[in-house]
Amino acid sequence: QEQLVESGGGLVQPGGSLRLSCAASGFVFSVYDMNWYRQAPGKERELVATIAYAGNSTNYADSVKGRFTISRDNAQNTVALQMNSLNSEDTAVYYCNGRHFVHSSIQYWGRGTQVTVSS
């Protein structure tokens with residue numbers, strides 16, 4: 001069964017850092033572009049960062065450029081999101097998403113992990 005499981009969320013003070021991880025199983029991870037989305041209370045889900053299936057291309061939302069870094073390990077079937085210089089606007093549930101690099105309608109979602117930035 002296809003599965004994405006996020007971990008690493010929690011409470012962090014403004015200016016702090018967190019590293020989210022997502023473990024994939026049940027599908028061929030290396031042919032899926034991987035994405036991190038987030039959804040804050042009362043807001044729509046937004047795309048935060050993307051890494052291509054081969055790991056040779058990344059993209060970021062303007063709001064996180066220079067602060068967040070997405071990476072993947074195709075040998076371990078994992079994708080990570082390193083988040084630095086966090087602020088209150090980064091508070092959200094963060095979701096891991098995998099989308100087939102050819103057949104984009106084939107995608108999987110994790111259940112999300114809460115990130116709260118507060119003093």
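The structure is a predicted model, in which local features need pLDDT of at least 70 and side-chain atom pairs count only at pLDDT 80 or more, whereas totals for chains, interfaces and linings use all residues. Residues are numbered from 1 along each chain as its sequence is written, and side-chain values use heavy atoms, with hydrogens and water left out.

A search of the whole structure, in which a disulfide is a pair of cysteine sulfur atoms within 2.5 Å, finds one such link. Its partners are Cys22 and Cys96, with their sulfur atoms 2.1 Å apart. Cys22 belongs to strand 3 (residues 18-25) and Cys96 to strand 9 (residues 92-100), so the pair ties together parts that are 74 residues apart in sequence; strands (E, at least two residues) are DSSP runs, numbered from the N terminus. The link of Cys22 and Cys96 is left-handed, with -85 degrees about the S-S bond. Both Cys22 and Cys96 are buried, where buried means under 20% relative accessible area, exposed over 50%, and partly exposed in between (1.4 Å probe, protein chains only).

Strand 3 also takes part in pairing, for which DSSP must find at least two bridges between two strands. Strand 1 pairs with strand 3 in the antiparallel sense over five bridges, and Ser7 has Ser21 of strand 3 as its bridge partner. In a regular strand the side chains alternate between the two faces of the sheet. In strand 1 (residues 3-7), Leu4 and Glu6 make up the covered face, while Gln3, Val5 and Ser7 make up the uncovered one.

Asn77 is partly exposed, at a relative accessible area of 26%. A positive phi, of about 50 degrees, is also found at Ser85, which is not a glycine; Ser85 lies in the loop between strand 8 and strand 9 and is partly exposed at 42% relative accessibility.

Ser85 is among the residues in contact (heavy atoms within 4.5 Å) with Arg67, which, leaving aside neighbours within four places in sequence, also touches Met83, Leu86 and Asp90, among others. Arg67 lies in the loop between strand 6 (58-60) and strand 7 (68-73) and is buried, with a relative accessible area of 15%. A polar atom of the Arg67 side chain lies 2.9 Å from the backbone oxygen of Ser63.

Rings of Phe, Tyr and Trp (its six-membered ring) pair if their centres lie within 6.5 Å, with planes under 30 degrees apart counted as stacked, over 60 as edge-to-face and the rest as tilted. The whole structure holds five aromatic pairs. The rings of Tyr37 and Trp109 have their centres 4.9 Å apart and their planes at 55 degrees, so this pair is tilted; Tyr37 in strand 4 (residues 32-39) and Trp109 in strand 10 (residues 107-109) are 72 residues apart. Tyr37 is buried at 13% relative accessible area, whereas Trp109 is partly exposed at 35%. Ring pairs also link Phe27, Tyr32 and Tyr108 into a cluster.

Note on methods
Helix = DSSP H or I, 4+ residues; strand = E, 2+ residues; numbered from the N terminus. Polar contact = N/O pair within 3.5 Å; in protein donor to acceptor, adjacent residues only side chain to side chain.
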